[in-house]
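Trainee: I would like to learn how the words used for a protein model follow from their definitions. Could we go through some together?

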Amino acid sequence: MNAAALLGRLKPAKRERSGPGLLARLRRRKAGGESDDAPRPRKERRPLSPLAKRLLGAYAVLALGLGGLGGWLAMNAEHTTEAWQAAIPSVEVPVKGAQAPTPPAAPPAAAVAVPVQPAPPAAVPAMAPPPAAAVPPPPPLAVAVNEPVTLTPAPVPGLVEDSRNGPLPRIAEDGRKPWQVYARPFPAADRRPRIAIVLAEMGISGVTTGNALQKLPPTITLAFVPYAERLDNWVERARGKGHEVMLSVPMEPQDYPRNDPGPNALLTMLPPERNMERLEWSLGKAVGYVGITSTTGSKFTANPDAVNPVVAAMKARGLMVLDARANPRSVAGTLAGQAGVPRAFADRVIDRDLSRGAIDDQLAELETIAKANGAAVGIGAPYPSTIERINLWLTGLADRGIAIVPVSAVANMQKQ
C-alpha cells in the first residue's frame, strides 16, 4: 500500500474526531442530555456458594495457625535451637597436641574489693559407675616372627681363645657358655608347641645366601659351611638381622670319596687327633655361633667311635649339637645327650622333594609332631622354593597355636 492510500484512510477518521459528530456530542452534553461519562449500570454480585464459604473459612483458619506458629517460633527461637542441638548425639574427641582456648582477660579489679562469701556447692547425686567392659585375656607371651632382636655382639670377651686356627669358642670363667650367650632369646614362659627351622649349607652360593638373608624372617636359624668365602661377613650379617647361627661342619658321607663333603671334612678313617685338628679349623672360621650340625655325615655320624671325640669337644667348648639325621642310624644326638651336651634332632628334611606340595606336607607334619611332643625341628637348604613355602607357612602358624623358635629354644626338649 502506498503512502497516498494510507493518508486517504486516515483523513476520514480525523474528520470524524473533529467534525460534526464531535460538535454534536458536545452540544448534547451542554444540554444535559446523553453523555459518554454517564455511569453504567453495575452487574449484580452472585451470592457465594456453601462450598466457597467453607474453603474461605479453612484458608482463614490456616492463615491464623501459621501466623501463630511463626510468632511462637520467633519468641522461642533460642530455646528451640538449644533443644534441637541437645537432641543430636555428640561425642567430644580430644585432639592430641591441641591447646585449650585462652580464657578472656579478667577486667581490672575495682579500687575497693568487697569479699563475697561463696555459696556452698549444691549436692550432686553420685552417679553409679558404668559397668566395666569385658577385657579379653592377654595373648600368650611370645616373640613375633619378624620382631627385631639384637643379639649379643660377637666375640664376647672371655668366651674365645686364640689358636693357630683362629678364635675358638670356650666356656667363660664365670660359667657362661657360647651356646647360651650367642642364642636368639625366646621367652621360657611361652608354653606353646615349638618348631625350629634350620637352613643348612649356607654360604656355598653367594646369590642363594644373599636371597635367604633378604627374604627369611630372623626366627629362622642359619647354618653356614666353614669353608664359605667371606664367612665372617656372612655370619655377621645374619646375626645383625637377628638370625641364630650354627656351623654346618663337613663330615664323611656314605659314598665318600665319590661324594666330596668339602675341605677338612671329618672322616672315620682318620685318628681322633686328626679329626680334632680339622674340627678346630672349622670352628675358627667364625664367631657367634651356638653349635654345630652336618647334613653330609651320613657315614661319620653313624660311627660312635668317630662321634664321641666330637661330642667331648662340644661339651668342653660350651656348644650344642644338632643331629641332622643324614643317616637314620645316626648316634650324634644320642651320644650328645648322654654326655650332657645340649642337643636337638631334625625330625624332617622339609625340602628333600622340592615341589611346593611336598614342602607344605613336611611343614604340616612338623606341626603334628610339635603338638604331640612339645617341640619339632625341620632342616632344609636355602632354595628359592623352600624360602617361599616357609614364609607362606609362617603367616598362619601363630593362629594355629604354634611358636616358631630358634634351634637353641628346643635344646633337650625332644624325645629320643
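Trainee: What makes the second largest pocket, with about 200 Å³ of space, a pocket?

Mentor: This is a predicted model, in which local features need pLDDT of at least 70, side-chain atom pairs count only at pLDDT 80 or more, and totals for chains, interfaces and linings use all residues. Residues are numbered from 1 along each chain as its sequence is written, and side-chain values use heavy atoms, with hydrogens and water left out. Now the term: on a 1 Å grid over the protein atoms alone, a pocket is an open set of points where a 1.4 Å probe fits, with protein on both sides within 12 Å along at least five of seven lines. The volume of about 200 Å³ is the space filled by probe spheres set on the points, which are joined across faces, edges and corners.

Trainee: Which residues line the second largest pocket?

Mentor: Lining residues have an atom within 4 Å of a point. Among them here are Thr150, Pro153, Asp232, Arg239 and Val287. By class, the lining has six nonpolar, three polar and three charged residues. Ala, Val, Leu, Ile, Met, Phe, Trp, Tyr, Cys and Pro count as nonpolar, Asp, Glu, Lys and Arg as charged, and the others, Gly among them, as polar.

Trainee: And what is the volume of the largest pocket?

Mentor: The largest pocket has about 360 Å³. Of its 16 lining residues, Thr295, Val349, Asp351, Gly380 and Ala381 are the closest to the centre. Strands β3 (194-202) and β10 (375-380) each give two or more residues to that lining.

Trainee: Why are β4 and β5 called paired strands?

Mentor: Strands are DSSP runs of E with at least two residues, helices are runs of H or I with at least four, and both are numbered from the N terminus. Two strands pair if DSSP finds at least two bridges between them. Three bridges join β4 (residues 221-224) to β5, so they pair, and they run parallel.

Trainee: What makes the unit of β4, helix α7 and β5 right-handed?

Mentor: With the strands pointing away from the viewer, the path from the first strand over the helix to the second runs clockwise in a right-handed crossover. The unit of β4, α7 (residues 231-240) and β5 is of that hand.

Trainee: Are the residues of β5 buried or exposed?

Mentor: Buried means under 20% relative accessible area, exposed over 50%, and partly exposed in between, with a 1.4 Å probe and protein chains only. Val245 and Leu247 on one side and Met246 and Ser248 on the other are all buried, so both faces of β5 are covered.
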